[in-house]
Amino acid sequence: MSTLVTGIAELVTNDPSHGEGPSGVVPDAAVVVDGGRVAWVGAMRRAPAADVRVDVDGRAVVPGFVDSHTHLVFGGDRAGEFEARMAGRPYDGGGIASTVADTRAAGDDALSVRLHRLVAEARAQGTTTVEVKSGYGLSVADEARSLRLARTVTTETTFLGAHVVPPDHAGRREQYVDLVTGPMLAACVPHARWVDVFCEPASPHAFDADEARTVLNAGAAAGLGLRVHANQLSAGPGALLAVELGAASADHCTYLTAADVDALAGSETTATLLPGVEFSTRSPYPDARRLLDAGVQVALATDCNPGSCFTTSMPFCIALAVREMAMTPAEAVRAATFGGAKALRRSDIGHLGIGALADLAVVDAPSYRHIAYRPGVPLVRTLELPVRPAGAPGSA
Ligand code: NIG
Ligand code: FE
């Protein structure tokens, strides 16, 4: 069954063959969706016929957001830590241990209900793809459980056993890295597409370059793609390590040297910026302009987690990127869609070219610019397209 979406005042395709600039913007547009994929894109006046018509009545349409960095499987929360931070306490990752305790103590049902609620919350704000990391279990059974639950909401699951050295391994870092790269990895590989590590020598809880390299190499040898929590608290070795090992993404990139920027610019590694973290930890924002001007592929994601940033809102991150990081609205929306897809090495999402998954988000305004222009207003929602009723002619 084909669906013609009409009344699109402004369509962002991220496909320059369809319209103006890298964002491929088409004014007064229509889209045909067939079999869950984009089948036609163009000016409304040239739109072909389709089985069903959906009119968005003068609103903008953008590709659904690709949130390429979240930690949605966890127990408890850390509102008290947030309050203390706002009163001046710095963030160093030490609070992760309390979420590990709460996550281990939680039942599968409680974790699953929380996870599904957060995904629904994200979807209600225009997110159509979400990556979900483990990292609050930090035992063989609890990491495998987190990833098994994460797999119920996405194929983009990431093994983050190397989030911090858990309290039960305090003073035994080497042994913990052996556990992560041995039995924990083996138990998690069946449920994961990616492996990630919190590479941050400035935090006593996280991992240095050698430890991070060991974890990433083990993950790669087991068939996982690579991602790195890099340069969040200091100009550490994470970004260079990500480039050296061909990681899909170096995430945070808050403190980068000129050499880091050069290395990222000449690489296939996306720099994923997480401005909600700087907002929620009251830290300096990453220099997005420097990265964009150097030609680095930039993505925006939420990093939704109970510690450093508890938001599922990609529109909020876009607004921060524009207000605080000097990205244009077009660059920010592109980073939240096309950039996220690059960070996940996906070519079927993050754009609305022919053949892309029909992940459409509607902005309750005539232009995508309003996403940043009207911060905090729930303007964006995913477009639910009609599906053929079960049993109808031609249905599967
Ligand atoms: O991406 N930096 C490491 N991990 C998360 C925060 C986790 C937490 O504080 O619970 C992050 O910011
Ligand atoms: Fe994170």
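1. Some ground rules. Residues are numbered from 1 along each chain as its sequence is written, while chains are lettered from A and ligands numbered from 1 in the order in which they are written. As the model is predicted, local features need pLDDT of at least 70 and side-chain atom pairs count only at pLDDT 80 or more, whereas totals for chains, interfaces and linings use all residues.

2. Overall form. With 396 residues, a compact globule would have a radius of gyration near 21 Å (over C-alpha atoms; the rule is 2.2 Å times the number of residues to the power 0.38), and the protein chain agrees, at 21 Å. Its C-alpha atoms fill a box of roughly 70 × 50 × 40 Å along the principal axes.

3. Two domains. The domain assignment (automatic or from a database) gives domain 1 as 2-63 + 350-382 and domain 2 as 65-343. Their C-alpha centres lie 30 Å apart.

4. Where the domains meet. Contact (C-beta atoms, placed from the backbone, within 7 Å) links 21 residues of domain 1 with 22 residues of domain 2. On the domain 1 side, 12 residues are nonpolar, 6 polar and 3 charged. Here Ala, Val, Leu, Ile, Met, Phe, Trp, Tyr, Cys and Pro count as nonpolar, Asp, Glu, Lys and Arg as charged, and the others, Gly among them, as polar.

5. The ligand. Around ligand 1 there are 13 residues (C-beta atom, placed from the backbone, within 6 Å), and Ile 96, Phe 198, Asn 305, Gly 307 and Ser 308 come nearest. This shell divides into 4 nonpolar, 8 polar and 1 charged.

Terms used:
Contact = placed C-beta atoms within 7 Å.
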